[in-house]
Amino acid sequence: MTRLIIIGGQWGDEGKGKIVDWYTSKFKPSFVVRFNGGANAGHTVVNGKGKFKLHLIPSGILHKNIKCVLANGMVVDPVELLGEISTLESSGVFTKNILISDRAHIVMPWHFLAEEIDERSRGKNLIGTTKKGIGPAYSDKVGRTGLRFADAASKSLFRAKLEEIYKIKKVHFSAGSKLPEVEIIIENYWKILSKLNKYVTKTEEVLKTASEKNQKIILEGAQGSLLDVEWGIYNKVTSSPTTRLGAYQGSGILPKEGDRAFGVYKAYITKVGEGYLPTRMKEDVEKIIRERGNEFGVTTGRPRKCGWFDAPLAKYTAEINGFDEVVITKPDVLDTLERIKICVGYSLNGKRINSVTSSEVEFNKCQPIYEEVPGWREETSSIKKYKDLPTNFKKYLSVIEKLIGVKISAVSLGPATKQTVTIN
Ligand code: IMP
């Protein structure tokens with residue numbers, strides 16, 4: 001195996017950052033590649049060097065000899081990226097190994113303005129975005145009015161491209177009333193982009209050469225499969241492909257026999273932003289779980305809605321990704337519960353269904369059907385071996401493993417990378 005794709009199996013925040021860091025230590029890749037999204041992601045890694053919150057830079061940055069690629073599928077806010085690089089540098093992290101694709105799109109000031117206007121005009125049906133300019137930056141990409149790092153190779157090129165796009169934007173933003181002056185944007189952004197230029201390259205060619213040499217690569221997904229623009233619960237989704245299929249498109253790497261995709265799932269489920277969470281817990285239980293699991297957004301600080309493990313959704317995302325293995329995170333958060341619910345199907349218009357509907361209107365009507373299992377009521381976060389885990393804990397894992405339909409190969413029992421137990 002030379003390529004590992006790590007994907008969130010739920011609505012994001014499954015703990016992928018930590019799992020990428022864990023696999024990076026074990027698998028020792030030459031590259032860790034982010035292939036989608038932008039600063040909407042928030043990956044937390046706690047290891048021997050401290051606690052790090054990463055939004056744009058791949059989680060592999062904490063390992064010195066690994067190249068970290070921001071690939072073509074990303075939309076990158078240069079202001080945020082420069083800030084992230086300097087925060088890491090001030091903690092003594094080596095950052096010279098960052099590579100930015102010259103095809104990655106640049107998040108520009110008008111993207112934040114457009115997002116604000118779009119969300120406001122959605123009224124009650126707002127998405128609850130992270131306000132990082134993601135949707136408008138991807139809209140510009142497919143609308144062919146995006147700026148890419150290749151367009152900032154020199155100031156004259158950047159000026160020419162920006163002035164061309166600015167003309168279109170001026171028409172969009174009611175005669176330019178809220179849009180900053182073009183000269184201000186050029187000067188401010190050029191100051192930042194010229195500092196990032198040393199990282200910019202044709203990352204798809206670098207990755208192609210690495211693949212030819214059989215060098216190991218980890219593809220690090222951001223957000224979760226249920227937020228995928230194609231396969232998620234539309235329209236409460238992000239604007240990029242978040243699944244295994246998106247990993248190839250977003251990095252320029254071609255699929256190869258032997259690639260393995262690992263799904264990361266929480267032992268329960270959370271959702272941040274608007275949209276229906278069928279298994280949402282009752283307020284008193286949700287409060288316990290939110291506090292024990294620190295369920296607040298890394299990027300936005302918003303409290304996350306917490307729900308019971310939802311097997312139809314988990315099976316659906318395992319299938320669309322073709323997961324080879326699954327890692328379960330945060331089961332230790334459930335340590336204190338007497339009984340644990342698992343959603344095994346839905347009731348929709350009086351009929352039982354076990355699948356996921358494509359229509360959000362129907363999805364919103366799905367009522368969970370639960371099975372209950374006894375809890376283990378024992379502190380598990382310091383357990384190091386699978387055989388030492390409580391019997392009811394292991395039973396819970398084997399029930400959800402059967403429901404997902406994919407082998408669980410590890411469990412994460414706390415935020416630190418070393419709090420991870422392998423299951424053989
Ligand atoms: P956007 O990606 O900022 O456009 O937000 C679209 C939806 O995806 C919102 O519901 C966000 O809360 C959600 N979202 C985006 N990124 C993440 C993430 O990294 N974790 C969890 N939810 C996210």
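# Chatting through the ligand site and a helix

User: Is G246 buried or exposed?
Analyst: G246 is buried, at a relative accessible area of 4%. Buried means under 20% relative accessible area, exposed means over 50%, and partly exposed is in between, using a 1.4 Å probe and protein chains only.

User: What kind of model is this?
Analyst: This is a predicted model, where local features need pLDDT of at least 70, side-chain atom pairs count only at pLDDT 80 or more, and totals for chains, interfaces and linings use all residues. Residues are numbered from 1 along each chain as its sequence is written, and side-chain values use heavy atoms, leaving out hydrogens and water.

User: Thanks! Where does G246 lie?
Analyst: G246 belongs to helix α8, residues 244-249. Helices (H or I, at least four residues) and strands (E, at least two) are DSSP runs, numbered from the N terminus.

User: On to the ligand. Which residues come nearest?
Analyst: There are 15 residues around the ligand, and D13, N40, T130, T238 and R302 come nearest. A residue counts as near if one of its heavy atoms lies within 4 Å of the molecule or strand in question.

User: How far is N40 from an oxygen atom of the ligand?
Analyst: A polar side-chain atom of N40 sits 2.9 Å from a ligand oxygen atom. For T238, a polar side-chain atom is 2.6 Å from an oxygen atom of the ligand. G128 takes part through its backbone, with a polar atom 3.4 Å from a ligand oxygen.

User: How much of the ligand does the protein bury?
Analyst: The protein buries 97% of the 460 Å² that the ligand exposes when taken alone. Those accessible areas come from the Shrake-Rupley method with a 1.4 Å probe; for residues, only the protein chains shown count as cover.

User: What is R304 doing? Which side chain does R304 make a polar contact with?
Analyst: The R304 side chain makes a polar contact of 3.3 Å with the side chain of D13. A polar contact is a pair of N or O atoms within 3.5 Å; within protein, one must be able to donate a hydrogen and the other to accept it, and residues adjacent in sequence count only if both atoms are side-chain atoms. R304 is buried at 4% relative accessible area, and is found in the loop between α9 (283-292) and β13 (305-307).

User: And H55, buried or exposed?
Analyst: H55 is buried, with a relative accessible area of 13%. Its side chain and that of T299 are joined by a polar contact of 3.2 Å. You'll find H55 in the loop between β4 (50-54) and β5 (67-70).

User: New topic: which residues are buried in α12?
Analyst: F393, Y396, L397, I400 and I404 are buried in α12. Viewed down the axis of α12, the buried residues fall within an arc of 95°, so they line one face of the helix. That arc is taken from the directions from the helix axis to the C-beta atoms. T391 and K402, on the other side of α12, are exposed.

User: What about just after α12?
Analyst: There G405 takes a positive phi of about 90°.

User: Which residue other than glycine has a positive phi near 60°?
Analyst: Q223 does. Q223 is in strand β10 and counts as buried at 9% relative accessibility.

User: Last one: where is the cis peptide bond near Y234?
Analyst: The bond from Y234 to N235 is cis, with omega near 10°. N235 is in the loop between β10 (217-224) and α8.
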